[in-house]
Amino acid sequence: MSNPQPGPGSDPVRLVAIRDTPLDVTEVLDALDDDGSGGLTLFVGKVRDHDGGKGVVGLGYSAHPTAAARLEDVCRRVAEEHDVRAVAAVHRVGELRIGDLAVVVATTAAHRGDAFAASRALIDTLKAEVPIWKHQLFDDDTEEWVGTP
């Protein structure tokens, strides 16, 4: 059986953004919509109220000026290394509250296994390579930077 791929000139990287406004899961799902995808996997990372045994009361994300380009590079690599039809990744910066969405990534593929593997690679590589840093404020008046060089 053939695995129909997007037509010539179709870019599998459909949505890549770093923004200081609330993230919208529907925007990501709409960007990846096509009739040839049998599987779509979505990961939504949100701000939780604890980390490392401490209560989190505030959180902010900062991004290096190259972060958007690095995020696009990660998306392109995932698209090349996995049998996917489409890829999307959006990350929030600025001050966030508990429960706010911090990151949304998704991939589509003809089959679920490929979509799961690609989405896992996408979020893991994003966290490891894209220069976005988290500043956490804890309920004991301490703070921590996460992901800084």
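Reader: By what criterion are two strands taken to pair, and in what order do the 4 strands of the open sheet then stand?

Author: Two strands pair if DSSP finds at least two bridges between them. The model considered here is a predicted one. Under that criterion 4 strands form an open sheet of mixed pairing, and their order is E1-E5-E7-E2.

Reader: Which strands stand at the edges of this sheet?

Author: An edge strand has a single partner strand, so one of its sides is left without a neighbour in the sheet. Neighbouring strands here are turned by 5° against each other on average, direction ignored. The strands at the edges are E1 (13-19) and E2 (39-46).

Reader: Which residue of E7 stands opposite Phe 43?

Author: Strand E7 covers residues 101-109 and runs antiparallel to E2, with 8 bridges joining the two. Within E7, the residue opposite Phe 43 is Val 105.

Reader: What angle does the direction of helix H3 make with that of E7?

Author: Helix H3 (residues 112-129) packs on the sheet, where it touches E2, E5 and E7. Helix H2 (residues 67-81) also packs on the sheet, touching E1 and strand E5 (86-92), and its direction makes about 155° with that of E1. For H3 and E7, the angle is about 145°.

Reader: Which residue in the hairpin of E8 and E9 takes a positive phi?

Author: Strands E8 (residues 132-138) and E9 (residues 143-146) pair in the antiparallel sense over 4 bridges. His 135 has Trp 145 in E9 as its bridge partner. The hairpin has 4 residues between the strands, and the residue with a positive phi, near 70°, is Asp 141.

Reader: How many residues apart are Arg 76 and Asp 11, the pair that links distant parts of the chain?

Author: The side chains of Arg 76 and Asp 11 meet in a salt bridge, at 2.9 Å from N to O. Asp 11, Glu 72 and Arg 76 are linked in a network of salt bridges. Arg 76 lies in helix H2 and Asp 11 in the segment before E1, a separation of 65 residues.

Reader: Is Arg 76 buried, partly exposed or exposed?

Author: Buried means under 20% relative accessible area and exposed means over 50%, with partly exposed in between. The relative accessibility of Arg 76 is 30%, so Arg 76 counts as partly exposed.

Reader: With which residue does Arg 19 form a salt bridge?

Author: Arg 19 has a relative accessible area of 22% and is therefore partly exposed. In its salt bridge the closest N and O atoms are 2.7 Å apart, and the partner is Glu 27.

Note on methods. Residues are numbered from 1 along each chain as its sequence is written. This is a predicted model: local features need pLDDT of at least 70, side-chain atom pairs count only at pLDDT 80 or more; totals for chains, interfaces and linings use all residues. Side-chain values use heavy atoms; hydrogens and water are left out. Axes are lines fitted to C-alpha atoms, for helices over the stretch in contact, and angles run from 0 to 180 degrees between N-to-C directions. Contact means heavy atoms within 4.5 Å. A salt bridge is a side-chain nitrogen of Lys or Arg within 4 Å of a carboxyl oxygen of Asp or Glu. Buried means under 20% relative accessible area, exposed over 50%, partly exposed in between (1.4 Å probe, protein chains only).
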